[in-house]
Amino acid sequence: MNHLFADLPTTIFDVMSGLARELNAVNLGQGFPDDPGPEDVRRKAAEEVLNGYNQYPPMMGLPVLREAIASHYARHQNLQIDAMTETMVTSGATEALADSLLAVIEPGDEVVLFQPMYDAYLPLVLRAGGVPKFVNLRPPHWQFSREDLQKVFSDKTRAVVFNNPHNPCGIIYPREQLELLAEFCVRHDVIAICDEVWEHLVFDGKKHIPLISMPGMRERTIKIGSAGKIFSLTGWKVGLVVAAPAIMRVLAKAHQFTTFTTAPNLQSGVAHGLGKDESYFSSMRQDFQRSRDRFCERMSAMGFSVMPSQGTYFVTIDIAPLGENDDAAFCQRLVREHGVAAIPVSAFYAQDAVKTVVRFCFAKKDATIDAALERLKHIAPA
Ligand code: PMP
Ligand code: GLN
């Protein structure tokens, strides 16, 4: 068997959700909301199953969804995208990441990754034959410097995988950081695989800036979104991919033998959803922001060291002040002895892990948050 996958542990998200089910713990680990998602979007998908066309949809996605992706990003991110040559629908952002890495990398090419990184990136890079070069981000700001990029970018660099807004750190990279990264991508002729699944989950009035809009990036960025995150329907796994035609032609070849297509009823539901009024997106953000504030304010009041969360479903806490220096062991005790599942941030590192930061998902109804807080009281600083 292939040694890379044979030796790989089960993803921390499935491990923690499994423990939460088994131990009847409050699950603030894996990122999924309590909210069932907009009823009209779900109704549209249900109607399509009953009355629509349930055979293979076109490989690149339903035209109605590809048009909706182009007009959605024009409206929300001021991007001019040609639906028929520059968009593709995949089975989740995960498939889009796999397609991108398979399509871009030749064995031996170097790929820049920022740690902590979403856990799918590294195995996919390695399986595609890429050689990872890590930039280590540090709490609480998790920013990178020109020197950091100088150390890892070279003429061997073929791609960079960049996640913004950032899971697990909950930060949104400011324009200056995007400009700095773009400068290096252009100078070294690098393709940016930009994981923007959290693009709509930005709080406090912040605006998401897509990397593809930075100078020189239009022809060298693969922009990846996820309808699961936009509509609180994480199980749907509908990925939204945008790239210039020369890149998209090759991406399509990777996609055609990875999944080929995605369930047509879900595509119709997402196409309907992407056209929803601004009020849906702003009230969705407000609701999550309110949950963030409820969780964070109460955690701070109990004495926990809560780091800022500007976006995503997540907030991190620093466990060093609790006298802890092993986040994985801490999370095991938390779920087994106190009945709350969380995610150790060290799971997002391949080396030199930060082991004193733990991620909580706040995208929950008040009763879930309150039940977790009640249990977290037992380990709160006095
Ligand atoms: N990238 C990041 C940063 C994520 O947080 C997630 C899942 N939450 C994904 C990719 C995967 O998205 P999907 O479920 O659409 O495959
Ligand atoms: N992205 C989700 C998270 O960060 C989990 C996705 C998954 O379980 N594959 O929690």
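Which side chain has an N or O atom 2.8 Å from an oxygen atom of ligand 1? In the predicted model examined here, that side chain belongs to Asn 167. Because the model is predicted, local features require a pLDDT of at least 70 and side-chain atom pairs count only at pLDDT 80 or more, whereas totals for chains, interfaces and linings use all residues. Side-chain values use heavy atoms, with hydrogens and water left out, residues are numbered from 1 along each chain as its sequence is written, and chains are lettered from A and ligands numbered from 1 in the order in which they are written.

Taken alone, ligand 1 exposes 400 Å², of which the protein buries 93%; accessible areas follow the Shrake-Rupley method with a 1.4 Å probe. The residues surrounding ligand 1 (a heavy atom within 4 Å) include Gly 92, Ala 93, Thr 94, Tyr 118, Asn 163, Asp 195 and Lys 237. Helix α6 (residues 92-104) contributes the largest share of this shell, 3 residues; helices are DSSP runs of H or I with at least four residues, and strands are runs of E with at least two, numbered from the N terminus.

Ligand 2 is surrounded by Phe 13, Gln 30, Gly 31, Tyr 118, Asn 167, Phe 314 and Arg 359. An N or O atom in the side chain of Arg 359 is 2.6 Å from an oxygen atom of ligand 2. For Asn 167, a polar side-chain atom lies 2.8 Å from an oxygen atom of ligand 2, and for Tyr 118 a polar side-chain atom lies 3.4 Å from a nitrogen atom of that ligand. The protein buries 79% of the 300 Å² that ligand 2 exposes when taken alone.

Strand β2 (residues 87-90) directs Thr 87 and Val 89 one way and Met 88 and Thr 90 the other way, and all are buried, that is, under 20% relative accessible area with a 1.4 Å probe and protein chains only. In a regular strand, side chains alternate between the two faces of the sheet. β2 pairs with strand β8 (residues 239-242) in the antiparallel sense over 4 bridges, pairing being assigned where DSSP finds at least two bridges between strands. The bridge partner of Thr 90 in β8 is Gly 239.

Note on methods
Buried means under 20% relative accessible area, exposed over 50%, partly exposed in between (1.4 Å probe, protein chains only). A polar contact is a pair of N or O atoms within 3.5 Å; within protein, one must be able to donate a hydrogen and the other to accept it, and residues adjacent in sequence count only if both atoms are side-chain atoms.
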